[in-house]
Amino acid sequence: MSATRPDNDSQSLRSALIEHAQRMAPAKLNRGSAGNLSVRAVHAGQSGYLITPTGMTYADLTPDDLVFIGLDGSAHGQRKPSSEWRFHHDVYASRPEAGAILHAHSPFAVTLACLRREIPPFHYMIARFGGDTLRCADY
């Protein structure tokens with residue numbers, strides 16, 4: 001990306017990321033500080049993404065708590081980025097069409113992962129994932 005690209009690392013983008021993070025617990029997508037979110041951004045002419053910090057509950061987040069990570073892997077901010085920032089980094093690097101990532105740790109998905117169970121083909125949308133079942137990675 002060009003260094004002349006205008007910055008979009010604004011307070012409104014940061015506030016929107018926090019708002020979506022705070023919606024995760026009521027939607028039962030996570031508990032506490034589990035999971036993480038990011039959104040593509042440009043900061044000081046550098047392309048990258050904003051990501052939630054490690055170890056903070058979303059109810060306590062402020063815009064200054066979010067961390068900007070450049071596509072070169074450099075982190076900028078007052079906090080440490082999510083411990084899973086590399087996962088976000090790899091997705092953004094390989095999928096230019098990805099604008100945001102929500103990585104959830106729902107109690108339901110965690111339960112299936114702990115039991116090492118696949119999701120059976122109970123719905124036609126399972127086929128959308130390319131198989132008869134939705135495989136589960138080891139927890």
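Me: How many of the residues of strand 2 are buried?
Reply: This is a predicted model, and burial here requires a relative accessible area under 20%. By that criterion strand 2 is mostly covered, and the count of its buried residues is 5 of 6.

Me: Which residue of strand 2 is the bridge partner of S38, and how do strand 1 and strand 2 run?
Reply: Strand 1 (36-43) and strand 2 run antiparallel and are joined by 6 bridges. In the hairpin that they form, 2 residues lie between the strands, and A44 takes a positive phi near 50°. The bridge partner of S38 in strand 2 is I51.

Me: Which residue of strand 3 is the bridge partner of G48?
Reply: Strand 2 also pairs with strand 3 (residues 67-70), the two running antiparallel with 4 bridges between them. Within strand 3, the bridge partner of G48 is G70.

Me: What kind of aromatic pair do Y49 and Y92 form, and what is the angle between the planes?
Reply: The structure holds 1 aromatic pair, that of Y49 and Y92, whose centres are 4.9 Å apart. Planes under 30 degrees apart would count as stacked and those over 60 as edge-to-face. The pair of Y49 and Y92 is therefore tilted, with an angle between the planes of 35°.

Me: How far apart in sequence are the parts that this pair ties together?
Reply: Both partners, Y49 and Y92, are buried. Y49 lies in strand 2 whereas Y92 belongs to helix 2 (residues 85-94), so the pair ties together parts whose separation in sequence is 43 residues.

Me: Within what arc do the buried residues of helix 1 fall, seen down its axis?
Reply: Helix 1 (residues 11-24) has 14 residues and reaches 20 Å from its first C-alpha to its last, close to the 20 Å expected. Its buried residues are L13, R14, L17, I18, A21 and M24. Seen down the axis of helix 1, these residues line one face, because they fall within an arc of 135°.

Me: Which strands do the buried residues of helix 1 pack against?
Reply: Among the buried residues of helix 1 are L13 and M24. The packing partners of the buried residues of this helix are strand 1 (36-43), strand 2 (46-51) and strand 5 (100-103).

Notes. Residues numbered from 1 in each chain as written. Predicted model: local features only at pLDDT ≥ 70, side-chain atom pairs only at ≥ 80, totals over all residues. Heavy atoms only, no water. Expected span 1.5 Å × (residues − 1). Buried < 20%, exposed > 50% of the residue type's maximum accessible area, 1.4 Å probe, protein only. Arc of directions from axis to C-beta. Contact = heavy atoms within 4.5 Å. Phe/Tyr/Trp six-rings, centres within 6.5 Å; stacked < 30°, edge-to-face > 60°. Pairing = 2+ DSSP bridges.
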